[in-house]
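This report goes through one protein model, element by element. Please look at the sequence and the structure first.

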Amino acid sequence: MEYLKLIGIVIIVVGFACKLDSILVIMVAAIATALEAVAEHPEGDIAGVGGGSEH
């Protein structure tokens with residue numbers, strides 16, 4: 001599922017290719033990327049920052 005991390009880039013490329021509103025495309029890509037990060041790290045410790053469990 002490593003390719004799923006690139007979903008934001010895919011959304012931006014497709015959105016700009018379809019000549020959609022730039023701000024809307026960027027917002028949707030940011031939200032999709034954030035949702036993917038939360039789905040991958042449900043404990044809340046994204047990139048080692050925050051209050052995740054200690055190992």
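Ile23, Leu24 and Leu35 are exposed, and they sit on the face of α2 turned away from its buried side. Exposed means over 50% relative accessible area, buried under 20%, and partly exposed in between, with a 1.4 Å probe and protein chains only. The buried residues of α2 are Val25, Ala29, Ala32, Glu36 and Ala37. They lie on the same side of α2, because they cover an arc of only 135° around the axis. That arc is taken from the directions from the helix axis to the C-beta atoms. α1 is included in what covers these buried residues; contact here means heavy atoms within 4.5 Å.

This is a predicted model: local features need pLDDT of at least 70, side-chain atom pairs count only at pLDDT 80 or more, and totals for chains, interfaces and linings use all residues. Residues are numbered from 1 along each chain as its sequence is written, and side-chain values use heavy atoms, without hydrogens and water.

Ser22 belongs to α2 (residues 22-40). Ser22 counts as partly exposed because its relative accessibility is 38%. Its C-alpha atom is 8.6 Å from that of Ile12, 10 residues away along the chain.

Lys19 is placed in the loop between α1 and α2. Its phi is near 55°, a positive value in a residue other than glycine. Most residues other than glycine have a negative phi. Lys19 is exposed, at 75% relative accessible area.

## A nonpolar patch

Tyr3, Leu6, Ile9 and Val13 make a nonpolar surface patch of about 470 Å². Patch residues have over 30% relative accessible area and no salt bridge; nonpolar side chains (Val, Leu, Ile, Met, Phe, Trp, Tyr) are joined within 5 Å, like charges within 9 Å. A salt bridge is a side-chain nitrogen of Lys or Arg within 4 Å of a carboxyl oxygen of Asp or Glu.

Leu6 is in the segment before α1 (7-17). Leu6 is partly exposed, at 40% relative accessibility.

## The whole chain

The protein chain has 2 helices and 0 strands. These are DSSP runs, numbered from the N terminus: helices are H or I of at least four residues, strands E of at least two. Of the 55 residues, 15% are buried. The accessible surface is about 4,400 Å², and 72% of that belongs to carbon and sulfur atoms. Areas come from the Shrake-Rupley method with a 1.4 Å probe; for residues, only the protein chains shown count as cover.
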